[in-house]
Amino acid sequence: AMELLCHQAGLEAFLVQGASPQGQEPWLIVEQGEGYRHLLVSDLAAFLVGGLGELPLYTDQELAQMGHSWPQSFYPVCSD
């Protein structure tokens, strides 16, 4: 649903089927200014209920350091 909302807002978004430390967990890669960033569904949910002051977006390196993995060659690069 979130991918569809991004597309309707004119933003590129890609649904990622990857793995997190908790197991299989999908997330989005979204267009952000001049590049792309990872958007975790769990962070989005916390942001929407007011649990986060700012919506965190991650680079490939940051997300990998958090223990996430995905077939990186299938998706846009999320870098600084």
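Q: Why is Trp70 called buried in this predicted model?
A: Trp70 has a relative accessibility of 10%. Buried means under 20%, so Trp70 counts as buried.

Q: What makes Trp27 and Trp70 an aromatic pair, and why is the pair called edge-to-face?
A: The two rings lie 5.8 Å apart, centre to centre, and ring centres within 6.5 Å count as a pair. The angle between the planes is 85°; planes over 60 degrees apart count as edge-to-face, so the pair gets that name. The structure holds two aromatic pairs, and Trp27 with Trp70 is one of them.

Q: How do you know that this pair links distant parts of the chain?
A: Trp27 sits in strand β2 (residues 23-32), whereas Trp70 sits in the segment after α3 (60-65). The two residues are 43 residues apart.

Q: Is Trp27 buried or exposed, and why?
A: Trp27 has a relative accessible area of 0%. The cut-off for buried is under 20%, so Trp27 is buried.

Q: Why does His68 count as buried, and which residues does His68 touch?
A: His68, in the segment after α3, has 8% relative accessibility, which is under 20% and therefore counts as buried. Leaving aside residues up to four places away in sequence, His68 touches Ala19, Ser20, Pro21, Glu25, Trp27, Leu40 and Leu63.

Q: What makes Val30 buried?
A: Val30, in strand β2, has a relative accessible area of 8%; the limit is under 20%, so Val30 is buried.

Q: Where does Glu12 lie relative to Val30?
A: Glu12 and Val30 are 18 residues apart in sequence and 5.9 Å apart in space, C-alpha to C-alpha. Glu12 is also among the residues that Val30 touches, including Cys6, Tyr36 and Leu57.

Technical notes
Residues numbered from 1 in each chain as written. Predicted model: local features only at pLDDT ≥ 70, side-chain atom pairs only at ≥ 80, totals over all residues. Heavy atoms only, no water. Phe/Tyr/Trp six-rings, centres within 6.5 Å; stacked < 30°, edge-to-face > 60°. Helix = DSSP H or I, 4+ residues; strand = E, 2+ residues; numbered from the N terminus. Buried < 20%, exposed > 50% of the residue type's maximum accessible area, 1.4 Å probe, protein only. Contact = heavy atoms within 4.5 Å.
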